[in-house]
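Subject: Structure handover

Hello,

Here is the structure we talked about. Notes on what was found follow below it.

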Amino acid sequence: MPRVHEGKLDASNRRFAVIVARFNSLVTGKLLDGALDCLRRHGCPEDHVEVAWVPGSFELPLAASKLATTGRFDAVLCLGAIIRSETPHFDFVANETARGIARVSLDSGVPVTFGVVTTDDVEQAISRAGLRSGNRGWDAAMNAIEMADLIAGLKQA
Ligand code: INI
């Protein structure tokens, strides 16, 4: 039988940083609500969570890097909404945000989850922030909880 490693969905002994972009805050505020609700419902005490606001999604990686390297957090969540119809430089913002978040996670060794909706229009974005198609903030929190436990387990293995 193989030795299997799998993160448990128990956040009671974990600490999280949540970084939220203020750009498109109608959407990102709902992502934040979903993320905090998910952490709470998986046992994370309120005082184990810190929230930091940044101007836009492009700023998420730098704040994530600062927080991930403090050693205070088991995982960091990045929440943003990048909407194609609102910007001619959608691809630059979306690509650099994704690349930056992935880099912070690999460089720091701390799970950094991608709760950024990238959509063609506002309606699709709202739909992914708690309306028709789930809540990407909730998903980012679930993934952070699972990865925090998996990485903690792998360090001990
Ligand atoms: N930031 C977003 O989070 N979403 C967007 O849709 C967006 N648009 O449309 O441009 C956006 N731009 C701001 C960017 O993230 C930076 O804050 C800005 O370029 C300053 O560095």
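The axes of helix H1 (residues 25-41) and helix H5 (residues 136-156) come within 6 Å and cross at roughly 40°. Helices (H or I, at least four residues) are DSSP runs, numbered from the N terminus; axes are lines fitted to C-alpha atoms, for helices over the stretch in contact, with angles running from 0 to 180 degrees between N-to-C directions. The crossing of H1 with H5 is right-handed, that is, the near helix is turned clockwise from the far one by less than a right angle. On the H1 side, Leu31, Gly34, Ala35, Asp37, Cys38, Leu39 and Arg41 make the contact (heavy atoms within 4.5 Å). H5 contributes Arg136, Gly137, Trp138, Ala141, Met142 and Ile145. By class there are eight nonpolar, two polar and three charged residues in this contact; Ala, Val, Leu, Ile, Met, Phe, Trp, Tyr, Cys and Pro count as nonpolar, Asp, Glu, Lys and Arg as charged, and the others, Gly among them, as polar.

This is a predicted model, in which local features need pLDDT of at least 70 and side-chain atom pairs count only at pLDDT 80 or more, while totals for chains, interfaces and linings use all residues. Residues are numbered from 1 along each chain as its sequence is written, and side-chain values use heavy atoms, with hydrogens and water left out.

Leu60, Pro61, Ala64, Ser65 and Ala68 in H2 meet Glu96, Thr97, Gly100, Ile101, Val104 and Ser108 in H3. That contact has six nonpolar, four polar and one charged residues.

Now the ligand. Residues around it (a heavy atom within 4 Å) include Phe23, Asn24, Ser57, Glu59, Thr87 and His89. A backbone N or O atom of Ala81 lies 2.7 Å from a ligand nitrogen atom. Polar backbone atoms of Phe58 and Ile83 are each 3.1 Å from an oxygen atom of the ligand.

Regards

Terms used
Helices (H or I, at least four residues) and strands (E, at least two) are DSSP runs, numbered from the N terminus. A polar contact is a pair of N or O atoms within 3.5 Å; within protein, one must be able to donate a hydrogen and the other to accept it, and residues adjacent in sequence count only if both atoms are side-chain atoms.
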